[in-house]
Amino acid sequence: MSETVSIVIPTFNRAGMLPVAIDSALNQTKACEVIVVDHGSTDDTPKVAEAYGDRILYIRRERDFGPHFCWLEGALHASGEFVHLQYDDDWIAPTFIEACLAVITPETGFAFSGADVTDGPGLPTKLRQFMDWLPATGTYPVDAIERQILGSLISPGAALYRRQILIDALYPGRLPLQINEYRGVGPDAFVSLLSMLRYPAVGYVREPLAFFRFHEGSITIDAFASGEKTARLRAAYAEVTRHYLEMKVMRAVRIREAS
């Protein structure tokens, strides 16, 4: 496929890690628009971004309204039909975008790849994710992957989404009946689920082409270091899963009434 792809990198006070994320976006075998969105950083992030000149679009806001508003601004500025949300502490292999595009069809809402958790570039893998979810690289019906997605989480850092779905998932903020939330958790899962409601297929790349950095500043790592935070994180994801299942029932009722 030849559609334009945008890579959105939201960032906050990670000037030391940000260059790895930006470089991995610029080094893709498929040329991409790279957008760095900085909401409220007080470190050297502006200097890091400025060093890339016109190779990236740098958007800065002085106030930080929370992570998912930063993600949303990047998606709204993106010109690509497809958007990869690249977290500032992670990175992707040079073939990530090309490989994901290869398994996207008109029936596909999003594509994702395997991922490695590591302490940093070139360091040993501590954990490998998503590699046993499906037997081979390809395009699959939603039903083939739904159980795994509902039982776990596909990080946007390992996925390529249709821009409009990403915007629609992020724009509402809290879900209509949401009670539990945790530091932006929820919209990151909802974007995959919304894709599954709107499109019948999912693309899968059975290679570890996304890399998640293991460090104390990671939202997920920080949450699982505390029992109270872990409970809040899991409750937030449970809200999203419940909302998806409710919407799936509503869709089935509408289809039945229309037939």
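1. Buried means under 20% relative accessible area, exposed means over 50%, and partly exposed lies in between, with a 1.4 Å probe and protein chains only. By that rule Phe112 and Phe130 are both buried.

2. This is a predicted model, in which local features need pLDDT of at least 70, side-chain atom pairs count only at pLDDT 80 or more, and totals for chains, interfaces and linings use all residues. Residues are numbered from 1 along each chain as its sequence is written, and side-chain values use heavy atoms, with hydrogens and water left out.

3. Confidence comes next. pLDDT is the predictor's confidence in each residue, from 0 to 100. The protein averages 87, and 86% of the residues score at least 70. Residues 219-226 stay under 50. For that stretch the model has 16 contacts (heavy atoms within 4.5 Å) beyond four places in sequence.

4. Now the core. A nonpolar core is a set of buried Ala, Val, Leu, Ile, Met, Phe, Trp, Tyr and Cys residues joined through side-chain atoms within 4.5 Å. The largest one has 77 residues. Ile9, Ile97, Phe110, Phe112, Ile149, Leu160 and Met196 touch the most other members. Leaving out residues up to four places away in sequence, Phe110 touches, among others, Ile149, Ile154, Leu160, Tyr161, Met196 and Val202.

5. Aromatic rings deserve a look. Rings of Phe, Tyr and Trp (its six-membered ring) pair if their centres lie within 6.5 Å; planes under 30 degrees apart count as stacked, over 60 as edge-to-face and the rest as tilted. The whole structure holds 8 aromatic pairs. One of them, Phe112 with Phe130, is edge-to-face, at 6.0 Å centre to centre and 85 degrees between the planes. This pair links distant parts of the chain, 18 residues apart: Phe112 sits in strand S6, and Phe130 in the loop between S7 and strand S8 (138-141). Phe110, Phe112, Phe130, Trp133, Tyr161 and Tyr204 form one aromatic cluster.

6. Helices (H or I, at least four residues) and strands (E, at least two) are DSSP runs, numbered from the N terminus. Two strands pair if DSSP finds at least two bridges between them. Strands S6 (residues 108-118) and S7 (residues 125-129) run antiparallel and are joined by 4 bridges. Val117 stands opposite Leu127 in S7. The hairpin has 6 residues between the strands, and Gly122 takes a positive phi near 80 degrees there.

7. Two residues other than glycine also have positive phi. Asn13 is at about 55 degrees, in the loop between S1 and helix H1 (18-26). Asn13 counts as partly exposed because its relative accessibility is 31%. Phe130 has a phi near 70 degrees. Phe130 counts as buried because its relative accessibility is 5%.

8. In helix H6 (residues 163-170), Ile165, Leu166, Ile167, Ala169 and Leu170 are buried. Their cover includes helix H3 (67-77), strand S4 (82-85), strand S9 (159-162) and helix H7 (187-198). In H3, the buried residues include His68, Trp71, Leu72 and Glu73. What covers the buried residues of H3 includes strand S1 (5-11), strand S2 (33-39), strand S3 (57-61), S4, H6 and H7.

9. Last, the cysteines. A disulfide is a pair of cysteine sulfur atoms within 2.5 Å. The count is 0 disulfides. Cys32 is buried because its relative accessible area is 19%. Cys100 is buried too, at 0%.
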